[in-house]
Amino acid sequence: MVGANGYKVGLALGGGAARGWSHIGVIEALLEAGIEPVAIAGTSMGALVGGAYAAGRLDALRKWAEALDRKAMVSLLDISLTRGGVVDGQRIQNLLVELGIGQLIESFPVAFAAVATDLADGSEIWLEKGPAAAAIRASISMPGIFSPVLLEDRWLVDGGLINRVPVSTCRALGADFVIAVSVSEGLLDRRREKLRAGLGGNEDAEREARVSQMLGQVPAGLRSPAEHILPYLVKGGPQSPGYFDVLVNSLNIMQERITRSRLAGEPPHVMIAPEVASINLLEFDRAKETIAAGRAAVERTIGAIRDMLSC
């Protein structure tokens, strides 16, 4: 959109795993309000949703996400422990192609970039050309979960390690009015309370239930190895956090500190923060309520956005 004063509106969509579905609600609500971005920069799930919009396939992605259940979600997880991650990710990349998000980025009608991190030297990589599915797959490569992606002789991992809410990338794409969306507000507070509640307590029954629930969703062919791996990843030791608790909260702490520093030096014009802290990392099957949270966040800020664009 070009505003009353000629503004070129861009969206900087942050990472946040399943909480990233809220970006769909944000974009749809902005479009309904007459605010149409000309540039989108996304990190991790922000890259996935932003890429779908830039490709003209946001509606297809929303319909697929809202129909997703746990069985279908597990079927996308091609388990592999030999490529630097628990999940290989090729099935997800194939899904993006099936949804129509696989064409060349430079063919998109909207300027788009997916942010990734070079595993070798930590440099920030902006993927603005080439197949969109591969770029998005690189951007979502959360260390310890997804295997890295080899693109242009670089091993790439999640862009959230260095630029979780890519305001600077959005400006480089030509936007001069940047609306940033962070889906991680309140997350550390929630996980802190959860971890502190476990100190000195006994959560064995709850963790056993979580393992049992997860095993129930695993396809028969993968159940045997999953029965050996999942208890160690979820349960942890006596009065101690499990593998995913340690991994995810450590990444959240690091990314939160980096994000605050980056945004202090590169502030957006508007920050939208959907209330999605209650959505867990892998609860991709809660898309409907997560998308609704994105819409609600826009409703809270749309008046201020319109006022700023009219100045």
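**From a loop glycine to the last helix**

G15 touches T43, S44, M45, G46, R164, V183 and S184, leaving aside residues up to four places away in sequence. Contact here means heavy atoms within 4.5 Å. The model is predicted: local features need pLDDT of at least 70, side-chain atom pairs count only at pLDDT 80 or more, and totals for chains, interfaces and linings use all residues. Residues are numbered from 1 along each chain as its sequence is written, and side-chain values use heavy atoms, with hydrogens and water left out.

Stay with G15 for a moment. G15 sits in the loop between strand 1 and helix 1. Helices (H or I, at least four residues) and strands (E, at least two) are DSSP runs, numbered from the N terminus. With 6% relative accessibility, G15 counts as buried. Buried means under 20% relative accessible area, exposed means over 50%, and partly exposed is in between, with a 1.4 Å probe and protein chains only. G15 and L48 are 33 residues apart in sequence, yet their C-alpha atoms are 9.4 Å apart in space.

One of the contacts of G15 is S44. S44 belongs to the loop between strand 2 (39–43) and helix 2 (45–54). Its phi is positive, about 55 degrees, although S44 is not a glycine. Most residues other than glycine have a negative phi. S44 is buried, at a relative accessible area of 6%. E152 also has a positive phi without being a glycine, about 50 degrees. E152 lies in the loop between strand 5 (149–151) and strand 6 (154–158). Is E152 buried or exposed? At 66% relative accessibility, E152 counts as exposed.

Now widen the view. The protein has 12 helices and eight strands. Buried residues make up 52% of its 311 residues. Among contacts with a separation of 6 or more, 76% join residues 24 or more positions apart.

Helix 12 covers residues 287–310, 24 residues in total. From first C-alpha to last, helix 12 reaches 33 Å, close to the 34 Å expected at 1.5 Å a residue. The expected span is 1.5 Å times one less than the number of residues. Where does helix 12 bend? The bend is at T301, by about 50 degrees. That angle is taken between axes fitted to the seven residues ending there and the seven starting there. T301 is also one of the buried residues of helix 12, which include A287, G294, V298 and L309. The cover over these buried residues includes strand 1 (9–13), helix 1 (22–32), helix 3 (58–67), strand 7 (177–181) and strand 8 (270–272).

Charged pairs come next. The structure holds 12 salt bridges. A salt bridge is a side-chain nitrogen of Lys or Arg within 4 Å of a carboxyl oxygen of Asp or Glu. D59 pairs with R62, their closest N and O atoms being 2.4 Å apart. D59 and R62 are separated by about one helical turn because they are three residues apart in helix 3. D59 is partly exposed, with a relative accessible area of 37%, whereas R62 is buried at 19%. Both residues belong to a network of salt bridges that links E28, E32, D59, R62, K63, E66 and R295.

E124 and R262 also meet in a salt bridge, at 3.1 Å from N to O. This pair links distant parts of the chain: E124 is in strand 4 (residues 124–127) and R262 is in helix 11 (residues 243–265), 138 residues apart. E124 is partly exposed, with a relative accessible area of 22%. Another salt bridge joins E283 and R286, with 2.7 Å between the closest N and O atoms. E283 counts as buried at 14% relative accessibility, and R286 as partly exposed at 22%.

Last, the empty space. Rolling a probe the size of a water molecule over the atoms shows where space is left. Two cavities of 30 Å³ or more turn up in a search of the whole structure. On a 1 Å grid over the protein atoms alone, a cavity is a set of points where a 1.4 Å probe fits but cannot get out, and lining residues have an atom within 4 Å of a point. Grid points are joined across faces, edges and corners, and a volume is the space filled by probe spheres set on the points. The largest cavity holds about 120 Å³. Its lining has 14 residues, of which G16, M142, R164, N252 and Q255 lie nearest its centre. Helix 11 gives the largest share of that lining, four residues.

Note on methods: On a 1 Å grid over the protein atoms alone, a cavity is a set of points where a 1.4 Å probe fits but cannot get out, and a pocket is an open set with protein on both sides within 12 Å along at least five of seven lines; lining residues have an atom within 4 Å of a point.
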